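Trainee: Could you take me through the charged side chains of this model, looking closely at how they pair up? I am new to the structure and would like one connected account.

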Amino acid sequence: MNILVLSNNIKRASFRQRIGVYLNTLGINGINCEVVQLPSGCLARRKLFKRAREFDGVFLHKKKLNFLNALWLRHYARKVIYDFDDAVMYSDKNPERPSYRRRRFFERTVKLADLVIAGNSYLAEYAKRFNTNVQILPTGLDTNAYKVHTNPEDDGNVRLVWVGSKSTLRYLAEIKPALEEIGARFHNVILRIISDEFFDLQNIQVEKHRWSEQTQIIDLLTSDIGLAPLPDNRFTRGKCGFKVLQYAAAGLPVVASPVGVNAQYVHDAVTGFVVTNLSQWADRIARLITDSDLRKKMGRANQNTVHSFDVSELGKGLVNLIERTLKQ
């Protein structure tokens, strides 16, 4: 089987987590993928969509299609599989403001697909309004990549860590008051930000680690407490909890907002804490700072729960979904 994989940006984290990590697995199972980034020009896109006739199907990642693009893709492609892992039908900056254009583009794209793969149940339920064949495939990760020997910095400090992109750094910034309170109470705490953009705090030292695929795992493994704050809105409820899974694979306890799948992935008082206000953020972080045994206990519990999200397991599900769709 041969499929044409299309994405608006093959370098984005979402593409890497949803498709890139499975390319080898798909190939081993006889599903050969040609990955192409969607060009910007109208004629260039039509030329690309014409090539869909050469493949058994098209795997479209996240992109919402306008009328002409949808018409061309459906005309030329034998089968279309649409995968998305964000609430792309809403604006991330103004999620509560209705957007007819976003909703219409999303509805059009979902309707034309032979199969829709959603990253969680919240996204799946919305997609089912427009397509009866919607399946859930959680975002996964390679847990074996986190099984490397490290030498944690034995400097007496406790490192809080947050990993993400500059587009979501504002979520971490929303708990600045709690972080400042922690910095005022504890002089051995450092905030490590793994990102492509950073901010400073008055009461707490900030370690600025530029994100890279080569160093992010070591940066996590040498940290102590993972942070996963999220505001509660229509867009963030569609988040697929990848950073929580990363913290779990690294053996870290997690302090998180109970938004979207975070509420399912973080077992309160077992693998970490779920918190709903700034006072709770400061209180739960402080408990973990002062109790190293609790950190280790929760970290081990987290590692024991993350195996079901390993790409080796989820890859089997993706192979089955693609094979079943292309053979129909």
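Mentor: Arg159 is buried, with a relative accessible area of 2%, whereas Asp155, at 37%, is partly exposed. In this predicted model, the side chains of Arg159 and Asp155 meet in a salt bridge, with N to O at 2.8 Å. Salt bridges that share partners also join Lys62, Asp85, Asp86 and Lys239 into one network.

The structure holds 22 salt bridges, and one of them is formed by Arg51 with Glu34, whose closest N and O atoms are 2.9 Å apart. Arg51 lies in the loop between helix H3 (42-50) and strand S3 (57-61), while Glu34 belongs to strand S2 (residues 32-37), so this pair ties together parts that are 17 residues apart in sequence. Another salt bridge joins Asp114 and Arg74 at 3.1 Å, N to O; because Asp114 is in the loop between helix H5 (100-112) and strand S5 (115-118) and Arg74 is in helix H4 (residues 67-76), the pair ties together parts that are 40 residues apart in sequence. Asp114 is partly exposed, with a relative accessible area of 23%, and Arg74 is partly exposed as well, at 27%.

Arg295, placed in helix H13 (residues 292-305), is buried yet has no salt bridge, the nearest side chain of opposite charge being that of Asp224, 4.5 Å away. The side chain of Arg295 does reach the backbone oxygen of Ile289 at 3.0 Å, and, leaving aside neighbours within four places in sequence, Arg295 is in contact with residues including Val158, Ile225 and Pro253.

Notes. Residues are numbered from 1 along each chain as its sequence is written. This is a predicted model: local features need pLDDT of at least 70, side-chain atom pairs count only at pLDDT 80 or more; totals for chains, interfaces and linings use all residues. Side-chain values use heavy atoms; hydrogens and water are left out. Helices (H or I, at least four residues) and strands (E, at least two) are DSSP runs, numbered from the N terminus. Buried means under 20% relative accessible area, exposed over 50%, partly exposed in between (1.4 Å probe, protein chains only). Lys and Arg count as positive and Asp and Glu as negative; His and the chain ends are not counted. A salt bridge is a side-chain nitrogen of Lys or Arg within 4 Å of a carboxyl oxygen of Asp or Glu. A polar contact is a pair of N or O atoms within 3.5 Å; within protein, one must be able to donate a hydrogen and the other to accept it, and residues adjacent in sequence count only if both atoms are side-chain atoms. Contact means heavy atoms within 4.5 Å.
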